[in-house]
Amino acid sequence: MGQMPIGVMYRCDTAPEQLPAYARLVERLGYDELWVVEDCFFGGAVSSAAVAAAVTDKLRIGIGILPAAFRNPALAAMELANLARLFPGRILPGFGHGMPFWVRQVGAAHPSPLAVLEETVAAVRALLAGERVTVAGRHARLDEVALEFPPEQPPPIATGVRAEKSLRLSGRVADGTILAEGASPAYVRWARGLIDEGRREAGRTDEHRLTVYAHLDFDEGRASARREFAAQLAGGWALPPADVDLADEITAMLAGSSGVAALAAALPEHYLDRFTAAGSVEQCAASVTRLREASADAVVFVPPRDAQSAVAQVTLAADTLLPTIRAATTR
């Protein structure tokens with residue numbers, strides 16, 4: 001029986017030269033994981049993961065996520081094998097579809113994003129396991145490829161996905177799933193059900209870690225969480241089926257708001273309870289507990305966008321929130 005891992009994200013819009021100090025801080029504060037992301041066109045996640053792992057001792061480093069369409073599976077496996085051998089047991093890679101307009105922007109669009117993700121994850125997992133891989137798929141094409149230095153401990157490969165078909169795919173081919181910020185407990189339960197359907201289809205009985213990102217706003221005013229979630233809604237965030245009970249209310253709020261600031265001010269408090277980890281120690285801890293009870297295996301805090309605020313909140317949360325969460329989520 002162990003404690004639920006709690007991680008912190010290094011936001012992609014923070015300058016890369018600040019990463020080493022941030023990673024050391026996160027480890028010193030007692031968090032279990034640091035997650036780096038790869039949004040276009042910010043820093044590369046593989047190099048970021050290498051830097052973060054190199055300047056820390058035990059901190060696990062998550063990569064959430066590498067757009068599958070951007071990478072040849074053999075090259076991706078080579079990079080991840082290096083990380084896994086240099087930092088055994090500390091690397092948690094994830095692949096995903098990537099945002100469609102980014103994929104089109106770099107000329108990597110494919111008629112079937114599902115095929116791209118499935119073939120990439122399957123090939124990378126096989127290569128990391130030391131297999132010689134030949135595949136002639138719709139995206140992946142490898143001919144007798146084997147890594148010269150496969151890791152002794154292949155890292156678990158997760159997928160960062162949202163929709164029904166992708167979640168089933170994750171259950172079939174991946175070792176874990178990453179749910180982006182804005183995941184409610186109802187959505188986590190719904191996603192776990194679809195993942196388990198995929199696992200049953202594939203006859204899988206191994207563990208499948210469900211990692212959930214959550215906006216962190218360790219401030220009773222909750223202003224940052226309001227802005228973040230309002231921006232997510234205003235940006236066209238698709239409401240998951242598990243949260244469809246809010247569809248009419250959200251549509252009305254969007255129609256009646258003149259911008260993100262007005263929408264943030266209009267958000268009812270229960271939205272912040274449902275979709276973020278925001279407020280007092282008790283409110284934040286209760287949000288994490290609800291995610292755990294909904295079947296989340298790990299939670300990764302997404303701190304405020306401002307770098308100074310992020311450091312301040314992550315530091316303050318470590319003093320009082322982290323011990324409270326650990327006491328409540330010990331398994």
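This note comments on selected features of a predicted model.

1. Basis of the note. The structure is a predicted model, in which local features need pLDDT of at least 70 and side-chain atom pairs count only at pLDDT 80 or more, while totals for chains, interfaces and linings use all residues. Residues are numbered from 1 along each chain as its sequence is written, and side-chain values use heavy atoms, with hydrogens and water left out.

2. Helix α1. Helices (H or I, at least four residues) and strands (E, at least two) are DSSP runs, numbered from the N terminus. In α1 (residues 19–29), the residues Leu19, Pro20, Tyr22, Ala23, Leu25, Val26 and Leu29 are buried; buried means under 20% relative accessible area, exposed over 50%, and partly exposed in between (1.4 Å probe, protein chains only). These buried residues pack against β1 (6–10), β2 (33–36), α2 (45–54) and α13, where contact means heavy atoms within 4.5 Å. Glycine 30, with a positive phi near 100°, follows α1.

3. The α12–α13 pair. Two packed helices are described by the angle between their axes and the distance between the axes. Helix α12 (residues 281–293) packs on helix α13 (residues 307–329) at an angle of about 35°, with the axes 9 Å apart. Axes are lines fitted to C-alpha atoms, for helices over the stretch in contact, and angles run from 0 to 180 degrees between N-to-C directions. From α12, Val281, Cys284, Ala285, Val288, Thr289 and Arg292 meet Thr320, Leu321, Thr324, Ile325, Ala328 and Thr329 of α13. The residues of this contact divide into seven nonpolar, four polar and one charged. Here Ala, Val, Leu, Ile, Met, Phe, Trp, Tyr, Cys and Pro count as nonpolar, Asp, Glu, Lys and Arg as charged, and the others, Gly among them, as polar.

4. The cavity. One cavity of 30 Å³ or more is found in a search of the whole structure. On a 1 Å grid over the protein atoms alone, a cavity is a set of points where a 1.4 Å probe fits but cannot get out, and a pocket is an open set with protein on both sides within 12 Å along at least five of seven lines; lining residues have an atom within 4 Å of a point. The largest cavity holds about 60 Å³ of space; grid points are joined across faces, edges and corners, and a volume is the space filled by probe spheres set on the points. Its lining includes Tyr213, Asp273 and Arg290, and β9, α11 (269–275) and α12 each supply at least two lining residues.

5. The second largest pocket. This pocket contains about 380 Å³ of space. Of its 16 lining residues, Pro156, Asp175, Glu207, His208 and Arg209 lie nearest the centre. The lining of this pocket comprises five nonpolar, four polar and seven charged residues.

6. Backbone points to inspect. A cis peptide bond, with omega about 0°, joins cysteine 40 and phenylalanine 41, and phenylalanine 41 lies in the loop between β2 and α2. Another cis peptide bond joins glycine 64 and isoleucine 65, with omega about 10°. Arginine 222 is not a glycine, yet has a positive phi of about 60°; arginine 222 counts as buried because its relative accessibility is 1%. Serine 295 likewise is not a glycine and has a positive phi of about 105°, and serine 295 is partly exposed because its relative accessible area is 21%.
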